[in-house]
Amino acid sequence: MKALSPHQTDKHASWAFAESRPEEAEVMLRARERSAELGITAVTEGTAALLSVLSATTRPRTLVELGTGAGVSGLALMNGAGKGAVLTTLDPDAEAQRAAREAFAEAGHPLSRTRMITGRGRTVLPRLSTSSYDLMFIDADIAVLEFHVQEAGRILRPGGLLIINDALDGDRVPRPAVREASTITARAVERTLRDDHETWAQSSLVTAGTGVLLATRA
């Protein structure tokens, strides 16, 4: 087997370079400041840019987000979506959602386009209509990720896009010796999206941030 050259193995430098490229608007920077003040870990700059590109490419009319936070990922998704798109975003933290509402208002998104629900996915998702959403973004408790993915398969329309943040579980997934519960769950979800062809047509794992897992509904 041909040995890898040094520049081929320096993945951290490539990742850091890619993460440094996006230039964010003031409204996004203020949302990041609110995230830090509330002790919320927002998606990285590279991940936010990826969300905007994916949303702009797929042009979803209806979006679901698990993990509103202070609005960073929601802003990224709505920046790419069309003018008539509606974001339904869930989070158990009412204070975080108030911060997100302020960010959406600053960005010029009317209240009619951002439906905020204070609650957890396990209780709210079963109430959402089947095959009614074009895009779903998950940035929530990994302990219930398998349930969230199962519900995504139900509520997404055929061809709908599923996006999962932190799919590498803090970069632990590639290390076989790591057997933490969260890492095992992340690996299991990746296998499900790859192998369940009846539900998921295609999947891909992208190394933006701490891993972004993508899948399209069959």
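Leaving aside neighbours within four places in sequence, which residues is T68 in contact with? They are S73, T89, L90, D91, Q97 and A100, where contact means heavy atoms within 4.5 Å. T68 sits in the loop between β1 and α5, and at 1% relative accessibility it counts as buried (under 20% relative accessible area, with exposed over 50% and partly exposed in between, 1.4 Å probe, protein chains only).

A word on the model: it is predicted, with local features needing pLDDT of at least 70 and side-chain atom pairs counting only at pLDDT 80 or more, while totals for chains, interfaces and linings use all residues. Residues are numbered from 1 along each chain as its sequence is written, and side-chain values use heavy atoms, leaving out hydrogens and water.

Now the sheet. It's an open one of seven strands, ordered β3-β2-β1-β4-β5-β7-β6 with mixed pairing. β3 (114–118) and β6 (200–206) stand at the edges with a single partner strand each, so one side of each lacks a neighbour in the sheet. On average, neighbouring strands are turned by 15° against each other, direction ignored. Strands (E, at least two residues) and helices (H or I, at least four) are DSSP runs numbered from the N terminus, and two strands pair if DSSP finds at least two bridges between them.

β1 (residues 62–66) and β4 (residues 133–138) pair in the parallel sense over four bridges; V64 has M136 in β4 as its bridge partner.

Two helices pack on this sheet:

| Helix | Strands touched | Direction angle |
|---|---|---|
| α5 (residues 72–80) | β1, β2 (86–91), β4 | about 165° with β1 |
| α8 (residues 145–155) | β1, β4, β5 (156–165), β6, β7 (212–217) | about 155° with β5 |

Axes are lines fitted to C-alpha atoms, for helices over the stretch in contact, and angles run from 0 to 180 degrees between N-to-C directions.
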